[in-house]
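Please read the points below alongside the coordinates.

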Protein chains: 2
Amino acid sequence: MKPEIVHIEGGITAAPGFRAGGVHCGIRRRKLDLALLVSDHPATVAGVFTTNKAQAAPVLANRIQLRQTETCRAIAVNSGVANACTGERGLEDAWRMIRHTAAALDLPEDQVLVSSTGVIGEYLPMEKITAGIAQLAPLLSAEGAHDAALAIMTTDTCPKEYAVRVRIGGVPVTIGAMAKGSGMIAPNMATMLAFIATDAAVTQPALQLMLGRACQLSFNRISVDGDTSTNDMAIVLANGLAKNPIVTEGTPEFDELADALTHVMIVLAKMIARDGEGAQKLIEIQVRGAATEAEAEQAARAVANSNLVKTAIHGADANWGRILAAVGYSGIEFNPEQISICLNGVPILAPGYQIVIDEEKAKRALEWEEVTILIDLCRGDHEVRFWTCDLTKEYVHINASYRS
Amino acid sequence: MKPEIVHIEGGITAAPGFRAGGVHCGIRRRKLDLALLVSDHPATVAGVFTTNKAQAAPVLANRIQLRQTETCRAIAVNSGVANACTGERGLEDAWRMIRHTAAALDLPEDQVLVSSTGVIGEYLPMEKITAGIAQLAPLLSAEGAHDAALAIMTTDTCPKEYAVRVRIGGVPVTIGAMAKGSGMIAPNMATMLAFIATDAAVTQPALQLMLGRACQLSFNRISVDGDTSTNDMAIVLANGLAKNPIVTEGTPEFDELADALTHVMIVLAKMIARDGEGAQKLIEIQVRGAATEAEAEQAARAVANSNLVKTAIHGADANWGRILAAVGYSGIEFNPEQISICLNGVPILAPGYQIVIDEEKAKRALEWEEVTILIDLCRGDHEVRFWTCDLTKEYVHINASYRS
């Protein structure tokens, strides 16, 4: 039997041994824009990063850091400026941000990671950032999680925090997390920004493996606009304070911790999709009856990225032809005559192109704030879930405004 | 020297020997919704069709027709209902539409093609269509081209017609054309609906070959919303009345006719992109300096399909980071540090991440109704042009309305 995963209060500092905080250093107007997370003990670290060829400076710096160490003590994050497409100067700024954080917290430089989110193609205002780091460093506490979650937001309308408790090898372990992301969301091998801190004891290879797999099932299965960011990253720190038997690959404890991590990351991923730019609805696409998981994901991604599907759901229009058309151009092999479609449990299309829709019932079901599109390909027994949001006029408004 | 391609008045009946017309048969409210095109002489025919796995009934019927004959005398087209995802009954309806057209025009059934566009998943109102065909058949004329172009429209805001004259082997040849398409536009091996009628004399294999190649450079290089339709088709009829030496593959005349056909199809493709649902601007994406043409197209398509780029252009925001991010996730290999970007001739980014943007100048240039995004990858000497439109609140309004 799988151990129960219990949702608890708190965010990134829910597990013991972590402190955090956020301040306004002056990059964004009147909003918190600089966050620090510190682990009081060396924490095993794993990270995944964007697959975009244009990788932001903090992504490049973190990749170098993680090649040299298996532990991490602190992460500094700013919002407002992404430090992406900024060349040599941008990379130097990322290293300076690392050095200043290390100095302010009295840590070795190789124990610090760095992250930025915001406008692409602008340089970091380094004076504001270094002053902010100096100001924030002495203020960090277990109570600072919420401020940290606020400080990493950009077009997000709400902070994204989550925490759970689960037994690993019978020992209680806590996982806390925060994330941000609202636009340029179609993560590939990572998310916008997600940070997870746990007191679990786990080896670095095991942690990296479970993080990669969990990303596949969570952040890699959301899309707000089909745009994969230059700055995506997900980082997990594990400080071992729970004193559970150290988790390694191939043990029952690996599956227990991986399940809990995946659960936390799916919750964060759905929070990001639900808070997509301009979104009013969370859309879950379930593709069943696929011959392979990859095929199911390919079909689900095409539906999730279809502007026509997203606007139809926005208008509570059970326009299933658009859903079928999206599956049709997704590139997967299937027989359209075998497909069936349900919208929030209301049958729309049955195999053999039987149009069984009850328009009134469908319209009412689509007025909910969460809409599940269930597509059965009738080809096999693989399935996936994928999340997106509706496409609204507000999305256009946000993104046609000057330089967001 | 290539022969001059001269734009002339007229549409689908610009070449001699073609008659057309459009009527309101009652599918759409108060709008023309049924068109007929007739060739008075057997015309060599070539067609390309959607690659969507869910193929509409008229697409399936036409594919069968074209396997059995190299000539065509008539095409019947309705708007309002796409006859897509309608199974056996839909296919039978397509054949009935073909039989009624053949009967009304006194033609063999194998000389008729059929096409539908509109809502997916509804059956054709066959009584209205057969009555409309009977009503329209005696009214066809060379003057009916504009009505035909009106009758094939759906969410289009304007009819799309074009005609040119060109010398093929020294003999004047006319090419007339009409097209429709505004949403669900990301054609793949074909367009929404495009019909081309010419008096050129050309063999069927040569015509099919040049149509396929021209599609690659025109309809396959536009995207309104990234959604590939179930009903896309492009059909060209060539009745030979120009008495030019019959065009075959591998001759100078082949290139002459292919160039003219490509020119006509690019003009139609740009008309479709410019009239994209809710669009206010035509966006041309030029990718230069690519190692291969396929690579250039892949990068251009990613930029064209980026909602973030399309909303930025809508807002006259030179948000080049979004352009670079789209190239970055397009899947092509390139060095982001070598890329340069110009917007309507205004340099934005120079190689080595040199941000050379003059914000005021860029903003003014982006307020034009046509915006050219020039991206130089600095990898080779291949280039493509690709067209899309901006993403506006009106797009959301149109597509969130009940069942368009």
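The numbered points that follow take these topics in turn.

1. Basis of the note. This is a predicted model, in which local features need pLDDT of at least 70 and side-chain atom pairs count only at pLDDT 80 or more, while totals for chains, interfaces and linings use all residues. Residues are numbered from 1 along each chain as its sequence is written, chains are lettered from A and ligands numbered from 1 in the order in which they are written, and side-chain values use heavy atoms, with hydrogens and water left out.

2. Relation of the copies. Chain A is superposed on chain B by a rotation of 180° with 0.0 Å of shift along its axis, at an RMSD of 0.0 Å (least squares on the C-alpha atoms of residues with pLDDT of at least 70 in both). The two copies are thus related as by a two-fold rotation axis. In chain A, the C-alpha nearest the axis belongs to A:Lys393, 2.3 Å from it. The same surface serves both copies, since 100% of the contact residues of chain A recur in chain B (contact means heavy atoms within 4.5 Å).

3. The six-stranded sheet of chain B. Its strands form an open, mixed sheet in the order E13-E12-E11-E14-E10-E15 (helices, H or I of at least four residues, and strands, E of at least two, are DSSP runs numbered from the N terminus; two strands pair if DSSP finds at least two bridges between them). At the edges, each pairing on one side only, are E13 (354–355) and E15 (382–389) of chain B. E10(B), residues 282–290, pairs with E15(B) in the antiparallel sense over seven bridges, and B:Ala290 has B:His382 as its bridge partner in E15(B).

4. Helices on that sheet. Helix H7 of chain B (residues 293–304) packs on the sheet, touching E10, E14 (370–376) and E15 of chain B, and its direction makes about 20° with that of E15(B) (axes are lines fitted to C-alpha atoms, for helices over the stretch in contact, and angles run from 0 to 180 degrees between N-to-C directions). Helix H8 of chain B (residues 307–314) also touches E10, E14 and E15 of chain B, with its direction at about 130° to that of E14(B).

5. The hairpin of chain B. Nine bridges join the antiparallel strands E6(B) and E7(B), the latter residues 171–180; two residues lie between them in the hairpin, and B:Gly169 in the turn has a positive phi of about 60°. B:Arg165 is the bridge partner of B:Val6 in E6(B), and B:Arg165 stands opposite B:Thr174 in E7(B).

6. A helix pair in chain A. H7 (residues 293–304) and H9 (residues 320–329) of chain A pack at about 130°, with their axes 8 Å apart.
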